[in-house]
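Please find below a short note for a reader who is meeting this structure for the first time.

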Amino acid sequence: MTKMKALACRECGKEYPTQAIHVCEMCFGPLEVKYNYDEIKQAISRRKIEDGPLSMWRYIDLLPVESALGPAIVGPHAGLTPMVRARNLGAFLGIDELYIKNDTVNHPTLSFKDRVVAVAVTRARELGFETVACASTGNLANSVAAHAAAASLQCYVFIPGDLEAAKVLGNLIYRPNVVEIEGNYDDVNRLCSEIAGEHRWAFVNINIRPYYAEGSKTLAFETIEQLGWRTPDQVVVPMASGSLLTKIWKGFNEMHKVGLVDAVRTKVNGAQAEGCSPIATAYKAGRDFFKPVKPKTIAKSLAIGNPADGYYALKTAAESGGAMDMVGDDEVVEGIKLLAQTEGIFAETAGGVTIGVLRKMVKQGIIKKSDVTVAYITGNGLKTQEAVIDAVGRPVRIQPSLVHFQQTFQMMDRKQGDA
Amino acid sequence: MIKVRIPTPLRPLTHGQGEVETQGINVAELIENLNAAHPGVKDRLCDENGDLRRFVNVYVNEEDIRFLKGKETALKDGDEVSFVPAIAGGG
C-alpha cells in the first residue's frame, strides 16, 4: 500500500521524498506527510478499526509508517487510553457532558509522547537509523529513552538543566546518553537543530518531525471512536510547540475526509501557562504571529518560548472557531488538585493548565453547559511532584496504637464538625 | 570576521560547508554579504519584501535576534551567527 505519497512543504507545496527531512529547502517551511486519501478511504472502515489492536495502531492506515502491524512496530501498546466521563468535574464546572482523555496512563512512559514516539521510532527504524535522539522538556525524553531501549537503538536525549527530578530519573533508568543543557528548552532546541545537521541521527522532533507529529492525530481518532463515532463540540488542548493542537484538528478532519464521521463541528481551544504564553497572548491580541518569550512557569513541559507551530496553532483556532487562554501557576496547582479530587486523576502541570483554562472558558461562556467537551490530560502528576508538594498537606502521623488512633480520629472528627 | 553557521537546507549553496566566514555591521548587511559570496542565500532566508521568512530563526552568539534588534542587531569581529530552521522541537 502506498498511503504516503510524499513530504510536501506546508507553505510553498514543494514535494520531497519521504526521507528524514523536515524543512523545505526553498522557504524553510515545515514538511508534512502527503497521503493518498482515496486509497486510504477504500482500505479503512469503522469495523476494521474496531477489530484492530487495542492500541493507537488500530489507526495505522492514517499513520506515516510503511510497516504492517507486527514486530516492525515500535511501541505497539501506545494509546487507546481511557476516555473518562467526568461527571463530578462536569457538575462542578457546569458542563453536562465532559470527558477527560486520560493520557496520564499511556504506555510505557505515562504521557501522550508515547504516541508520537511510537510513530517516530518505528519510522526511524524503517529509514535505517541506529541512533535516536530528541530535544525535550522531559516527557518526550522519557519516551524516546524507553522506546530506544525496547528497540535496541542508541539514544541521546537533550534536556534543559532545571527539570523535575522524576523526569530526569525517568531518562537515566533506561541508560541513554542524557545531556543536560545549561539553558532553557529553546536553547536545547536550537542546539539540537545544529547537532542534527552534523550527525546521522534520527532526532524525533527535528529531522523525523513530519512523521513524529502525526502520532498526535491518534488522540483525535480515539476521541471520535470513544465518543461513539462523533466529534465533540469543544476540546481544550495544552500548548507547548502548538503541534498537538494542530494535529488534533487535523485528525478530526482526516476522519471526515476518509468517510468515518459525517461532519466536524469541533472548536479547538488552546491552553498555556501565563509564564510562557506566546501563542495565547498572540491570540488575545488578534495577531497571526507570536513573539517569542523567556519562559518562567512551573508548567515546565509547556515551557517553550519559541513554539515551532505557534503560527499554525493560531490558524487552527481561527479555522475551528476555538479560543485560547492562559492561567497563572496558582491556578495550575488548583487545576491539578481539582481534577484529582473530583475524578481521581493525578495530572502533571500541563494538566493543571488545561483544567485551569477549561474552568476559565466555562466561566466566560466560551464553553457552554450543553457543549460536549473533551479536555486532553497529557502527562502524569507523579512526574511533577515538586509543583504540588507544598499544596497538599501532610499525612496524620500516629503511634501504632488503637487508643492513639481513636483519640486522633475523634479530634479530627470534631474539627471537621466545626468546619 | 564573523563566523556563520549554515543550516542543512542552505548547504547546497555553500558547497556543502556548514560554517563560513563573512563580515557585516549588522545582520541585514551580513545577509547581503553572504548572498554576494553564495548567490541565492538571501532569497531563501528572506521573502520578497526583504523580511526574514517566518520559519527562519537567527541567533547572534546564541541569542535569538528577536530579543535583540532583529535584522538591525549590530555585529562585531568574532561574533557568531546561526541560521536555524524554526520548525523543530516540541516537548
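This is a predicted model: local features need pLDDT of at least 70, side-chain atom pairs count only at pLDDT 80 or more; totals for chains, interfaces and linings use all residues.

1. Residues are numbered from 1 along each chain as its sequence is written, and chains are lettered from A and ligands numbered from 1 in the order in which they are written.

2. Chain B has 2 helices and 5 strands, where helices (H or I, at least four residues) and strands (E, at least two) are DSSP runs numbered from the N terminus. Their order from the N terminus is β-β-α-α-β-β-β.

3. The C-alpha atoms of chain B fill a box of roughly 35 × 30 × 25 Å along the principal axes. Of the 91 residues in chain B, 40% are buried (20 or more other C-beta atoms within 10 Å of the residue's own, with C-beta atoms placed from the backbone).

4. In the interface, 22 residues of chain B are in contact with 33 residues of chain A; contact requires C-beta atoms, placed from the backbone, within 7 Å. On the side of chain B that touches chain A, the elements giving two or more residues are β3 (56-60) and β5 (80-85) of chain B. The largest share, 3 residues, comes from β5(B).

5. Chain A is divided into domain 1 (1-43) and domain 2 (83-109 + 215-387), with bounds from an automatic or database domain assignment. The C-alpha centres of these two domains of chain A lie 27 Å apart.

Definitions and conventions
Two residues are in contact if their C-beta atoms, placed from the backbone, lie within 7 Å. A residue is buried if 20 or more other C-beta atoms lie within 10 Å of its own, exposed if 12 or fewer, and partly exposed in between; C-beta atoms are placed from the backbone.
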